[in-house]
Amino acid sequence: MKDFSIAYYLPKKTYTNEEFFGDFPDEKIDNYLKLGIESRHIVEPYETASDIAFAAAKLLLDSDRDLLDNVEHILFCTQELDFYTPSTAVTLQHRLKLQNNCSAFDFNHGCAGFTYGLFLAKSMLLSSKGTGALFLTGYTLTKVLHPGDKSSRFLFGDAGTATFISQSFVHKIGKFVFKTYGEQYEAIIVRDGFARQPINDESHRPLADHFGNITSRANFSMNGIKVFTFAIRTIPGVAKEILKINNLQLDQIDLFVFHQANAFILESLAKKMKISKDKMVIDLAKTGNTGQSSIPIVLSHLIKEDQLEGKIVMLIGFGTGLSVAGTVIKY
Amino acid sequence: MEINDFIADLEENFDNLDPGTLKPESNYHEIDEWSSMHALIVIALADTEYGVILTGEDFRSTETVEELFLLMKSRK
């Protein structure tokens, strides 16, 4: 049994740049190239976040049957739950035929969700006899995108991931730094259709931003400029804090695996933080921004390519909240 | 901090602009297909090269390259 392993699942349907520029013929390709995305995967309307997380977990468990008896915690990070109650994680425990001796719960987070989950898994393993935690993510954002929201339809893709973290891996996960800027909760939001504001006559009225992106109160809405400014202003400081509490220097970090928001943000951060391009991992061309699923997808590629062995990797998730969560792993 | 350097930086970062296209009096919103990507490029440039923080509001309150440059200069 490996002490840290990851699998991911991408929905079958893709949405390529060719299709995007077919849908939006007036858009200039040059304006989008810097985002580094060529294609994304899109869930079918009947596929849920738990379905794609289940598919990823199946791939992981089938690749290593020993994991089955060692899952004593199930965490599921998603914005799309199956039911009001019970939690979706318990249905996944059943569908995956995992043992009853386990905890199971959901938590709602977006692009900072993977590092949050790693923190939770570590904390839970340290305070229980658990031998391992199965941490699942399910990102189905394309379901709530307005068809006329050009920027978001270019940026986002769906993906499910499954990460197994063993008790023996816990000491390789460093200390965490978190930031929460709740005053900016509207920067990334789906306003209507939940408890605070049920769907009403205004919910589906089209709203256009300064750049011609159309959304509505019932659809996903992101103030891209605000989020970008937030990221380049906040993350370099968070990285410094992570280094400090883990007694590390910047040059000791072999790889920086940040949430794959888009290539332009990551390149701007590399420039600002004076990180060489080969250390800042950019890997989203075929998936787009997959929210909480983006970091585990990158890590799974690095593990597959045998690029993590002996490395110190800084992980930072950032996004809706606005929130940041980061740590280091010594693989 | 000179306006000619800022203009050169903008022209270098906007892939579809030839050198010499922009003048201080140019309305930068009229750059072919001015998009949110252009705004992000300017914000990144201001932050990483000039140490100045710009917001979305700054693009609504300025029109010409010179106005944007003077706003940035005032925040240095």
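A residue counts as buried when its relative accessible area is under 20%. In this predicted model, Thr64(B) comes in at 16% relative accessibility, so Thr64(B) counts as buried. You'll find Thr64(B) in the loop between helix H3 (56-61) and helix H4 of chain B. Leaving aside neighbours within four places in sequence, Thr64(B) is in contact with Pro24(B), Glu25(B), Ser26(B), Asn27(B) and Tyr28(B).

## Two helices crossing in chain B

Now look at helix H1 (residues 3-13) and helix H4 (residues 65-74) of chain B. Their axes come within 11 Å and cross at roughly 115°, so H1(B) and H4(B) are roughly perpendicular to each other. The crossing of H1(B) past H4(B) is right-handed. On the H1(B) side, the contact is made by Ile3(B), Phe6(B), Ile7(B) and Leu10(B). On the H4(B) side, Val65(B), Glu66(B), Leu68(B), Phe69(B) and Met72(B) take part.

What kinds of residues meet here? Eight are nonpolar, none is polar and one is charged.

## Leu22(B) and Ser36(B)

Leu22(B) sits in the loop between H1 and H2 of chain B. Is Leu22(B) buried or exposed? Its relative accessibility is 7%, so Leu22(B) counts as buried. Not counting residues up to four places away in sequence, Leu22(B) touches Ile7(B), Leu10(B), Glu11(B), Leu17(B), Ile31(B) and Val65(B). Ile7(B), Leu10(B) and Val65(B) also belong to the contact of H1(B) with H4(B). Along the chain, Leu22(B) and Ile7(B) are 15 residues apart, yet their C-alpha atoms are 6.6 Å apart in space.

Ser36(B) is in helix H2 of chain B, and with a relative accessible area of 22% Ser36(B) is partly exposed. Setting aside neighbours within four places in sequence, Ser36(B) is in contact with Ser151(A) and Phe211(A), residues of chain A. Within chain B, Ser36(B) and Gly56(B) are 20 residues apart in sequence and 9.4 Å apart from C-alpha to C-alpha.

## A covered helix in chain A

Over in chain A, helix H8 (residues 263-273) is mostly covered, with eight of its eleven residues buried. Those buried residues are Ala263(A), Phe264(A), Ile265(A), Leu266(A), Ser268(A), Leu269(A), Ala270(A) and Met273(A). What covers them? The cover includes helix H7 (224-245), strand E13 (255-258) and strand E14 (312-319) of chain A, together with helix H2 (36-50) of chain B.

Let's zoom in on H7(A). H7(A) and H8(A) pack at an angle of about 45°, with their axes 10 Å apart, so the two helices are oblique to each other. H7(A) passes H8(A) in a right-handed crossing. From H7(A), the contact involves Phe228(A), Ala231(A), Ile232(A), Arg233(A), Ile235(A), Pro236(A) and Ala239(A); from H8(A), it involves Phe264(A), Ile265(A), Ser268(A), Leu269(A), Lys272(A) and Met273(A). Sorted by class, this contact has ten nonpolar, one polar and two charged residues.

## The two ends of H8(A)

At the N-terminal end, H8(A) is capped by Asn262(A): a side-chain oxygen of Asn262(A) lies 2.9 Å from the backbone nitrogen of Phe264(A). After H8(A) comes Lys274(A), with a positive phi near 55°. Lys274(A) belongs to the loop between H8 and helix H9 (294-304) of chain A and is exposed, with a relative accessible area of 72%.

Most residues other than glycine have a negative phi, and most peptide bonds are trans. Against that background, check out Lys97(A), which has a positive phi of about 55° although it is not a glycine. Lys97(A) lies in the loop between H4 and strand E5 (103-107) of chain A, and at 72% relative accessibility Lys97(A) counts as exposed.

Where are the cis peptide bonds? One joins Thr85(A) and Pro86(A), with omega about 5°, and another joins Gly321(A) and Leu322(A), with omega about 0°. Pro86(A) is in the loop between strand E4 (73-78) and helix H4 (88-95) of chain A, while Leu322(A) is in the loop between E14 and strand E15 (323-330) of chain A.

## A buried asparagine

Finally, Asn213(A) is in the loop between strand E10 (207-208) and strand E11 (214-215) of chain A. With 7% relative accessibility, Asn213(A) counts as buried. A polar atom of the Asn213(A) side chain lies 3.2 Å from the backbone nitrogen of Lys150(A).

Terms used:
Residues numbered from 1 in each chain as written. Chains lettered and ligands numbered in written order. Predicted model: local features only at pLDDT ≥ 70, side-chain atom pairs only at ≥ 80, totals over all residues. Heavy atoms only, no water. Axes fitted to C-alpha atoms, helices over the stretch in contact; angles between N-to-C directions. Helix = DSSP H or I, 4+ residues; strand = E, 2+ residues; numbered from the N terminus. Parallel < 35°, antiparallel > 145°, perpendicular 65-115°, else oblique. Left-handed = near helix turned anticlockwise from the far one by under 90°. Contact = heavy atoms within 4.5 Å. Nonpolar A, V, L, I, M, F, W, Y, C, P; charged D, E, K, R; others polar. Buried < 20%, exposed > 50% of the residue type's maximum accessible area, 1.4 Å probe, protein only. Polar contact = N/O pair within 3.5 Å; in protein donor to acceptor, adjacent residues only side chain to side chain.
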